[in-house]
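Dear colleague,

I am passing on the structure that follows, together with my notes on what was found in it. Please read the notes alongside the coordinates.

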Amino acid sequence: MTLLERLKIETRAAHDRIEAAIDLDRRISSRDAYRDLLIRFYGFHEAWESEALEAAPDRTFFQSRCKAQLLARDIEALGLTSDEIIQLPQGRPLMPLRAPEAVLGSMYVVEGSTLGGAIIAREVERKLGLNAETGCAYFRSYGRDIAAMWKSFGAVLLEASSPETDDLIVASAQQTFDVMHDWLCEVP
């Protein structure tokens, strides 16, 4: 079994838990509800990206996948000012990301969410009339390159895979799902 297969199997319950709890229909039912959802995602990404960058195995690769700025752009398009966005709460505490392998496990969750983001983007466009320029850049983050971006991340993950690192990668992915669930599903 490859590391990607193991991650999919061992994080399935956590993935299903967050998907059920997030109540996406309610959170994209109006522009205000959608903006509140983006604010929660922003709080996670802003904190996670700064922490994960410190231990990322390849900083350039990692930075090319950061999404906090896309979220800030969306939130601004939906009415908040740059000054208000800077003051938004951030998701702390995060899980420890002290090793490059821990960052890769955490990235598995964040990168995987971009796949679902493409589906969410279509719903946001249908229900709210928003596109990548008017408030849906985050969910459209990779545009047409989404499959290629996932494939390139998978290649990096498989290259890092070894009997010594796989447990840490999987544990980090599971912890990321837990932290993300607690932050996104918490009532602010």
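Helices (H or I, at least four residues) and strands (E, at least two) are DSSP runs, numbered from the N terminus. This is a predicted model, in which local features need pLDDT of at least 70 and side-chain atom pairs count only at pLDDT 80 or more, while totals for chains, interfaces and linings use all residues. Residues are numbered from 1 along each chain as its sequence is written, and side-chain values use heavy atoms, with hydrogens and water left out.

Gly91 sits in the loop between α7 (82–86) and α8 (100–128) and is buried, at a relative accessible area of 5% (buried means under 20%, exposed over 50% and partly exposed in between, with a 1.4 Å probe and protein chains only). Leaving aside residues up to four places away in sequence, Gly91 touches Gly43, Phe44, Ala47 and Trp183, a contact being heavy atoms within 4.5 Å.

There are 14 salt bridges, each defined as a side-chain nitrogen of Lys or Arg within 4 Å of a carboxyl oxygen of Asp or Glu. One of them joins Lys127 and Asp25 at 3.5 Å, N to O; Lys127 lies in helix α8 and Asp25 in helix α3 (residues 24–27), so the pair ties together parts 102 residues apart in sequence. Lys127 is partly exposed, at 35% relative accessible area, whereas Asp25 is exposed, at 55%.

Glu111 forms a salt bridge with Lys67, with the closest N and O atoms 3.1 Å apart. Glu111 is buried at 2% relative accessible area, and Lys67 also counts as buried, at 2%.

Best regards
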